[in-house]
Amino acid sequence: MKTKALGLILLAALIMASNVVQAQEKTDEQKREEMVKKELEKMMHNQYDNMRRLREEQIQIQKDFGEQYQKAIEEIRKYGGDQITTVNPNHFLRGFSHLQGNWNPEGGSSLNISKNLEGLTHSTSFTYQVKEGDLSIGFSARGTLTEGELVILLSKPDDEVFQEITISPLADVNWNQQFRWKAEDQDEFIGSWTITIEARSATGHYSLRVNSR
């Protein structure tokens, strides 16, 4: 009887010891999980701080570039460097775009648009004439925004959208395309193309060029 009681005591002791070990292992596992969680939170916090700092530096660089660009343009005009024909401003809404046209030395024509934007929400459109005999059109756009969004649409004479460019603070844009067609297909491309620009709370700078030959 005593032997049986002793066995039960030993079994109970083993069970208690096992429970203690399991509890300790569970506590250690929880501690490890908490440490890993804290390390991950620390890494994410540091990454966020680095991204925010880089973003602030990028915004400042873009701002400085815009100011330097504008000063350079003003200096060129001051000393007579802006020697191109200016399109009548009635073709667009005042204050939205700096629009200029000039003849291409190779026989075609081109249209240049640029503007510094400061929280602008507005849209406008104007036309660009592709003449009979022209066999290509070129379209290039550059832009840097710190806020908002800018959408540029180029539509063919039949009003079908030929190209759409979106500029946002996510990335600077430097895009260009040269499109050619055969003489027998020119009816689809000859005529008035429409360029539409829409700004939505946009702050930054953009430039656009269209040419044909």
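**Exercise 1.** Work out whether Asn176 is buried or exposed in this predicted model.

*Solution.* Start with the cut-offs: buried is under 20% relative accessible area, exposed is over 50%, and partly exposed is in between, using a 1.4 Å probe and protein chains only. Asn176 comes out at 58%, so it counts as exposed.

A quick word on ground rules: residues are numbered from 1 along each chain as its sequence is written. Since the model is predicted, local features need pLDDT of at least 70 and side-chain atom pairs pLDDT 80 or more, while totals for chains, interfaces and linings use all residues; side-chain values use heavy atoms, leaving out hydrogens and water.

**Exercise 2.** Find which residues Asn176 touches, not counting those up to four places away in sequence.

*Solution.* Take a contact as heavy atoms within 4.5 Å. With that, Asn176 touches Phe139 and Ser140. Now check Ala141: its C-alpha lies 6.3 Å from that of Asn176, although the two are 35 residues apart in sequence.

**Exercise 3.** Identify the residues linked in a network of salt bridges.

*Solution.* The structure holds five salt bridges. One of them joins Arg200 to Glu198, with the closest N and O atoms 3.3 Å apart.

Note on methods
A salt bridge is a side-chain nitrogen of Lys or Arg within 4 Å of a carboxyl oxygen of Asp or Glu.
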